[in-house]
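Subject: Structure handover

Hello,

Here is the structure for your own work. My notes on what turned up in it follow below.

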Amino acid sequence: MRLDKLIEAELKTSRKTLKRLFLTGQVRIDGQRELQENRNVDSRLHEIEVAGRQLVTNDVYFLMNKPAGVVTANRDGEHQTVVDLLNAADRLAGIYAVGRLDRDTEGLLLLTNNGQLGFELLHPSRKVSKTYEAVVNAKVTETDVAAFAKGIVFDGGEVCKPAELKPLCYDEKRGCSRVQLTITEGKFHQVKKMFLACGKKVIYLQRRNMGPLQLPKELQTGSYRELSEAELQKLKPYFR
């Protein structure tokens, strides 16, 4: 949560009083004087002290195993959305999915009402990695691995950043390869378009990781849960 918004809500301050609190050193994070009014904080990660009072945030962080057929949106007139999968009590104001997954893509999705955290995780300068497991309709070769490592070029000249492609297995009977792919950007339909550029089609796609977060094996498709304290701690570097 933005520090200034937290102070205004909890202490009912005016903007003038808020600025005075910062200027007079009465705002401290983890024991250190804080001057950045728009700093992103969470009381589970930071000790927030303002004018001698400890403040508590109430942002939420849900880890979802998104199923295929569900759209990454808050509302949709035609399809079920990831927010529809939340219990009514968890559909809080401002909650949204950090980064989108295509309707037919499964896997890890972070939902939160902490907009600043989502911005940091998605900003290109942060180079947050996303790892996918995919099945494609052909054998993935070392030539493909090299092309991904160099940077796939889409029709029209758009160049992707280098990506790590690892063939996992090849099913000769079905003529399909299972692979792992790690990228650090999020272009529209990027994974599918990368393989199409190599003459292959993705027939199954699941996101396994996003930055320090991993899809738990026990989290069933269509289910979600709050981030654990350990998982939230891993996101602390993105609170700025």
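**Aromatic pairs**

A search of the whole structure, which is a predicted model, gives 3 aromatic pairs. One of them joins Tyr61 and Phe239: the ring centres are 6.4 Å apart and the planes stand at 65°, so the pair counts as edge-to-face. Tyr61 belongs to strand S5 and Phe239 to the segment after helix H6 (229-234), so this pair ties together parts 178 residues apart in sequence. Tyr61 and Phe239 are both buried.

Phe62 and Tyr224 make another edge-to-face pair, at 5.3 Å centre to centre with 75° between the planes. This pair also links distant parts of the chain, since Phe62 is in strand S5 and Tyr224 in strand S13 (residues 224-226), 162 residues apart. Phe62 has a relative accessible area of 4% and Tyr224 one of 18%. The cut-off for buried is under 20%, so Phe62 is buried, and so is Tyr224.

**Strand S10 and its partners**

S10 (176-183) is mostly covered, with 6 of its 8 residues buried. Strand S8 (residues 130-136) pairs with S10 in the antiparallel sense over 7 bridges; Thr131 has Thr182 in S10 as its bridge partner. S9 and S10 also run antiparallel and are joined by 7 bridges. Here the bridge partner of Lys166 is Gln180 in S10. S9 and S10 form a hairpin with 4 residues between them, and Gly175 in the turn has a positive phi of about 70°.

**Helix H4**

Which residues of helix H4 (residues 142-150) are buried? They are Asp144, Val145 and Phe148. They cover an arc of only 100° around the axis, which puts them on the same side of H4. Glu142, Thr143 and Lys150, on the other side of H4, are exposed. Among the elements that cover the buried residues of H4 are S9 (164-171), S10 and helix H5 (190-196). After H4 comes Gly151, with a positive phi near 120°.

**Helix H3**

In helix H3 (residues 115-122), the buried residues are Leu117, Gly118, Glu120 and Leu121. Their arc around the axis is only 160°, which places them on the same side of H3. They pack against four strands, namely S5 (61-66), S6 (96-97), S7 (106-112) and S11 (202-210).

Regards

Methods:
Residues numbered from 1 in each chain as written. Predicted model: local features only at pLDDT ≥ 70, side-chain atom pairs only at ≥ 80, totals over all residues. Heavy atoms only, no water. Buried < 20%, exposed > 50% of the residue type's maximum accessible area, 1.4 Å probe, protein only. Helix = DSSP H or I, 4+ residues; strand = E, 2+ residues; numbered from the N terminus. Arc of directions from axis to C-beta. Contact = heavy atoms within 4.5 Å. Pairing = 2+ DSSP bridges. Phe/Tyr/Trp six-rings, centres within 6.5 Å; stacked < 30°, edge-to-face > 60°.
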